[in-house]
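Please look at the sequence and the structure shown here.

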Amino acid sequence: MKTIIVTKSEYEKGREVFQSLRPGYEIVASDSDEECLAVAISNTGAKAAIVGPDKYQGRLYEALSSNGIISRFGVGTDGINFSQIGKHGLLLANTPHSTDDSVAELAMWLIGDLARMVNYLDKQLRANSFSGETGREIKGKHLGIIGFGSIGKKVARIASYGFNMRVHGFGRSSRKEIENRYRMPIDEFNHLFGLESYTNNIEEILPRCDFVSCHLPLTEHTQGFFNKRLFSQFKKDAYFINTSRGGIVDEVALNEVLGPGQIKGAALDVYNKEPYAPEKGQKDLRLWNRVVLTPHIASDTKEANTRMARVALDNIYHFFDGEFDEIMRVL
């Protein structure tokens, strides 16, 4: 019998999938605390673990020892200690693209919320204030998508072809590199994804955009990417949305540029500290009327959870079957 340890939160999200195991496999649900995970692995002799976004520093890797696999229930690997992966000869897998639709949809819902102040007006009505707030249509407005990977492309198509927004994409690749990779002129590439323009120079589009939506990965190059200098280039009364990673945004700088005549509002699903807590001595983002905050839910839909559970489990099946080329590996 091959045992797979799954953290309890992830087990509940993918319960239907995890209860439909292949013969010869069993799943043991464990608390996500690293010591609890390590004990569960040691007690069962498991060589495979499915984990969520918590940070794991040492005991998890020691318990799995060599020739084991950690399959992330999700895309990000922020909580994984890569030096420990290498030290203990482990394989790391994740579930790329499983959450793309869910994250792209939430980005659009947040854009709509900011445009019509839905969250703020709901609070006002519950406080017995039946006074409205003049909103904005998003049709014809300029949307900058910062980070033009798979999620950014989905947001672009929804915004352009669904809401008739004028969309501008920013990515690391130059226009020439895009043409070579996709084997098409840049105009065809833009049409394919509903773009009015594409650039690898963010300063070309920020001053034009009414909404700026971040979809960058968190790397050493994007840590604190949205800082005071970059925020200063935003169009007056623009809105900022982040559904990617909290570390990409300097929250202190964002606090400083929010307000009349600056950045009009923001919507965040991810934060530097989670659960969210303001930087010491800094203004709390929760105090702003035109700031919408959600608790890192972009990928947490029934559909995305089902897809993640299937891919996370398939990664482990492939591992035990020796089909290493089929595993969604993080190198």
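A residue is called buried when its relative accessible area is under 20%, exposed when it is over 50%, and partly exposed in between, using a 1.4 Å probe and protein chains only. This is a predicted model, in which local features need pLDDT of at least 70 and side-chain atom pairs count only at pLDDT 80 or more, while totals for chains, interfaces and linings use all residues. Residues are numbered from 1 along each chain as its sequence is written, and side-chain values use heavy atoms, with hydrogens and water left out.

Side chains of opposite charge can pair when their charged atoms come close. Such a pair is counted as a salt bridge when a side-chain nitrogen of Lys or Arg lies within 4 Å of a carboxyl oxygen of Asp or Glu. The structure holds 18 salt bridges.

One of them joins Glu 133 to Arg 290, with the closest N and O atoms 2.1 Å apart. This pair links distant parts of the chain, 157 residues apart: Glu 133 is in the loop between α7 (118-126) and β6 (142-146), and Arg 290 is in the loop between β11 (265-268) and β12 (291-293). Helices (H or I, at least four residues) and strands (E, at least two) are DSSP runs, numbered from the N terminus. Glu 133 has a relative accessibility of 27% and counts as partly exposed; Arg 290, at 27%, is also partly exposed.

Another salt bridge is formed by Glu 16 and Lys 302, whose closest N and O atoms are 3.7 Å apart. Glu 16 belongs to helix α2 (residues 15-18) and Lys 302 to helix α13 (residues 302-321), so the pair ties together parts that are 286 residues apart in sequence. Glu 16 is exposed, at 59% relative accessible area, and Lys 302 is exposed at 57%.

Arg 15 and Glu 12 also meet through their side chains in a salt bridge (2.6 Å, N to O). Arg 15 is partly exposed at 31%, and Glu 12 is partly exposed at 46%. Elsewhere, a network of salt bridges links Glu 35, Arg 59 and Glu 62.

What is the nearest side chain of opposite charge to Asp 100, which is buried yet has no salt bridge? The answer is Lys 154, 5.6 Å away; here Lys and Arg count as positive and Asp and Glu as negative, whereas His and the chain ends are not counted. Asp 100 lies in helix α6 (residues 100-116). Leaving aside neighbours within four places in sequence, Asp 100 is in contact (heavy atoms within 4.5 Å) with Ser 150, Ile 151 and Lys 154.
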